[in-house]
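Please look at the model below and then read the points grouped by topic.

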Amino acid sequence: MTEQHPGAARFLRTTGQHASIEPDPFTEGGFVLSIGGAEQSHVNLAEPDDIFYEYLRRIGHIVDLAAPWGEPVTALHLGAGALTLARYIQATRPGSIQYAVELERELLDFVLQQLPLPEGTQLHTVIGDARDALTELPAELRFDVVILDIFSGPEAPAHIACTEFYQEAAARLTPRGVLIVNVGDEPGLTLVRSQVAAMRRAMADVAAFAEAGMFTGRYPGNIILAGTQGPWPAVWTAALTARGPHPAKVLAGVELDMLSG
């Protein structure tokens with residue numbers, strides 16, 4: 001196993017920013033990835049199924065429902081970060097086959113060097129644009145979960161924040177596959193509304209999952225959108241609401257209309 005170096009840093013040529021990985025003083029085995037001085041990801045090497053950030057925990061709970069508990073899945077991560085969710089899937093679903101797409105080659109190399117993946121992880125890495133990667137992956141590949149974690153504010157890449165991209169992602173799903181999108185937004189939720197509308201044109205059904213106060217549109221934060229290829233299961237709403245983090249709320253069907261742009 002590669003030794004972890006406290007305070008390690010790497011220059012990212014694509015964005016011109018610096019990435020750093022520091023030990024988390026409050027979590028045994030925890031590390032924080034920062035980019036440009038802003039915290040970007042948290043990893044617990046000792047317990048990879050323990051997710052620190054609330055929005056990532058919510059994504060993990062949706063992945064939990066995508067297939068019977070413990071069963072391996074095929075997963076595509078668009079936006080790799082510190083591979084927190086790839087580690088979670090390996091910990092909870094050993095034998096899963098995963099792909100991770102990241103624009104920054106230096107970032108992916110840096111993370112894999114400093115924060116090694118759990119033994120047995122089957123992760124294939126792809127360097128490049130998320131939309132381009134969908135067309136470049138082997139044609140026969142299909143995924144049980146596709147996770148998009150690229151949007152970090154109201155400014156989103158236009159070629160990704162659109163119906164056509166979601167249609168291309170949906171074409172990569174298995175019959176049970178779920179498309180999961182993290183949308184970071186500002187008060188008013190302009191980006192969230194546009195992405196709900198775009199996903200609804202590409203998927204059979206869509207639901208939104210977040211801290212309950214986010215749906216008032218008064219606060220900045222993250223809302224997780226999940227697209228399914230059949231009707232959104234009511235039992236998923238109950239399960240996600242119960243699992244939290246609390247207070248948790250799920251909007252689906254007519255309740256989601258208020259966020260459909």
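Contact here means heavy atoms within 4.5 Å. Helices (H or I, at least four residues) and strands (E, at least two) are DSSP runs, numbered from the N terminus. The model is predicted: local features need pLDDT of at least 70, side-chain atom pairs count only at pLDDT 80 or more, and totals for chains, interfaces and linings use all residues. Residues are numbered from 1 along each chain as its sequence is written, and side-chain values use heavy atoms, with hydrogens and water left out.

- Four strands form an open sheet in the order 1-2-3-4, with antiparallel pairing; two strands pair if DSSP finds at least two bridges between them.
- Strand 1 (8-12) and strand 4 (38-44) are the edge strands, each pairing on one side only.
- Over 5 bridges, strand 2 (residues 17-23) pairs with strand 3 (residues 30-35) in the antiparallel sense.
- Glu-22 has Val-32 of strand 3 opposite it.

**Helix on the sheet**
- Helix 3 (residues 105-114) lies across strand 1, strand 2 and strand 3.
- Helix 3 runs at about 165° to strand 1, where axes are lines fitted to C-alpha atoms, for helices over the stretch in contact, and angles run from 0 to 180 degrees between N-to-C directions.

**Helix pair**
- Helix 1 (residues 54-65) packs with helix 2 (residues 84-92) at an angle of about 35°, and their axes are 11 Å apart.
- Leu-56, Ile-59, Gly-60, Val-63 and Asp-64 of helix 1 meet Thr-84, Leu-85, Tyr-88 and Ile-89 of helix 2.
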